[in-house]
Amino acid sequence: MAIIAKPHEDITEDDVQFLRDNYTSAGGLLPNAYSGGAFFTPTHVARFIVEALRGLSGGFSAGQTWLEPSCGSGVFIEHIPDDAEITALELDETSAKVTTLIYPHANVINADALTHSRRDYYDFVIGNPPYGVSIDIAAEELPDEYVTLTKKRDRYGGKSELAFIELAIKAAKPGGYIALVLPKGIGFSGASAKVRDLAKETCWHVASIELPETTFAHVGTTIKTDIHILRKITPNARKVYVEYSRIGSEKYPLDIVKQTDATTEGSTFWYEGQQPIFHAVITDIGYDKDGKSTDKWGDGLTQLDELLEAFTDGGLVRENCDPVAPFKDEYHGFSVKVPPHEEWRVKAGHVTYWNVLTLGRGEDINGTSSFDFDWQDRIVNEYKGAR
Ligand SMILES: C[S@@+](CC[C@H](N)C(=O)[O-])C[C@H]1O[C@@H](n2cnc3c(N)ncnc32)[C@H](O)[C@@H]1O
């Protein structure tokens, strides 16, 4: 705090090094990096997200645009290449100042993220937004309407995580990626239904990765969270209307999907180019509830580090994606129930329609052809080429 209080010109390189030591990597996990309601993300979780995006997008290039809308002390920025154009927003003055000092190459703005007005601009929007904070903001301060907030007279109110997802979607450019750490309820709660509808209307659903309760143990909370990765659709992507017919038990419904049209009762849709969703459950984040390392093999790698393999070397492939539907029905937008593979194959046999509609037949289903994992990129490239 003494460093932050100094006039900018009096801050020495040693001061900045002290902040770096305390607010990056292992330091970012310490309680001294925790300030009122700000649950800072463990550095290896942030690294996983950035590296997964590197794999998914086919590699980073200089000048790509990144937004971290609630940057805290900048743990995500630590992992973004320095040659990127980084915009970081932060409401808390102290956190914003720390981040400015540690990452001078980033454009850190000490402001309410919801007042940020750039639209369709960023190649990547990443972060871990505030959860459960009540928003109360004058309509005139917002650059546009927020469908996830409720307007009463001249003010908008609602929950922070919902508004931040909306901001991320609006700020991302068509074809850009959004990767956020979010509370589990986003996937199924009635209160989050609007934001799931918004995501379904505007994005491809790429991946959902469940994190264990111990993830935020270092800041004294056992909140359950997921990493959700979405990709903003380009306007040339067409909707594919589908109808599910359910087989299997209630708990793990297996869905056979048939093409239909918008007027069929109970029909839903996704966009062409939608691929099977990558879904993973992390059971061990690398330390236990008391912060003690759980590194059994002594190689320093956590389950998340190992999971990265799935995203690199050509990105996602059929073998590591489960045949679950994207944004599955109204109240399970992101809640991906994965049936055990073998059981799924036995029950569904060779009859799976949804992949035929969007991707071609899966190789491990009928053994003759494979999913078309380039379709999404082709749609995005066609859109970029036409501009
Ligand atoms: C859950 S913390 C995460 C911080 C950082 N992204 C990380 O993962 O370590 C949320 C951050 O959002 C900031 N915040 C809360 N409301 C905000 C707002 N309206 N605009 C910008 N930042 C906000 C808090 O100060 C806090 O630093």
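Predicted model: local features only at pLDDT ≥ 70, side-chain atom pairs only at ≥ 80, totals over all residues.
How many bridges join strand β9 (residues 203-211) to β14, and which way do the two strands run? Four bridges join them, and the pair runs parallel. Here, strands are DSSP runs of E at least two residues long, while helices are runs of H or I of at least four residues, and both are numbered from the N terminus. Two strands pair if DSSP finds at least two bridges between them.

Residues are numbered from 1 along each chain as its sequence is written.

Taken as a whole, the protein has 11 helices and 14 strands. Of its 387 residues, 41% are buried, where buried stands for 20 or more other C-beta atoms within 10 Å of a residue's own, exposed for 12 or fewer, and partly exposed for anything in between, with C-beta atoms placed from the backbone.

Back to the strands. An open sheet of eight strands is ordered β3-β2-β1-β4-β8-β10-β9-β14, and its pairing is mixed. The edges are held by β3 (107-110) and β14 (278-281), each with a single partner strand, so one side of each has no neighbour in the sheet. On average, neighbouring strands of this sheet are turned by 15° against each other, direction ignored. Angles like this come from axes, which are lines fitted to C-alpha atoms (for helices, over the stretch in contact), and they run from 0 to 180 degrees between N-to-C directions.

Helices lie against this sheet too. Helix α4 lies across β2 (85-90) and β3, running at about 165° to β3. Helix α11 (residues 375-385) packs on the sheet as well, touching β8 (172-183), β9 and β10 (225-232), and its direction makes about 135° with that of β8. Contact here needs the C-beta atoms of two residues, placed from the backbone, to lie within 7 Å.

Helix α4 (residues 93-102) also meets helix α2 (residues 13-23): their axes come within 9 Å and cross at roughly 110°. The two helices are therefore roughly perpendicular to each other, a label for angles of 65 to 115 degrees, with under 35 counted as roughly parallel, over 145 as roughly antiparallel and the rest as oblique. On the α2 side the contact is made by V16, L19, R20 and Y23, and on the α4 side by V98, L101 and I102.

A second open sheet has three strands in the order β5-β7-β6, paired antiparallel. Its edges are β5 (134-138) and β6 (150-152), each with a single partner strand, so one side of each is left without a neighbour in the sheet. From one strand to the next, the twist averages 25°. Three bridges join β6 to β7, and K151 has Y156 of β7 as its bridge partner. Helix α5 (residues 160-171) lies across β5 and β7, at about 105° to β7.

R155 belongs to β7 (residues 155-159). With 16 other C-beta atoms within 10 Å, R155 is partly exposed. Leaving out residues up to four places away in sequence, R155 touches D136, I137, A138 and A139.
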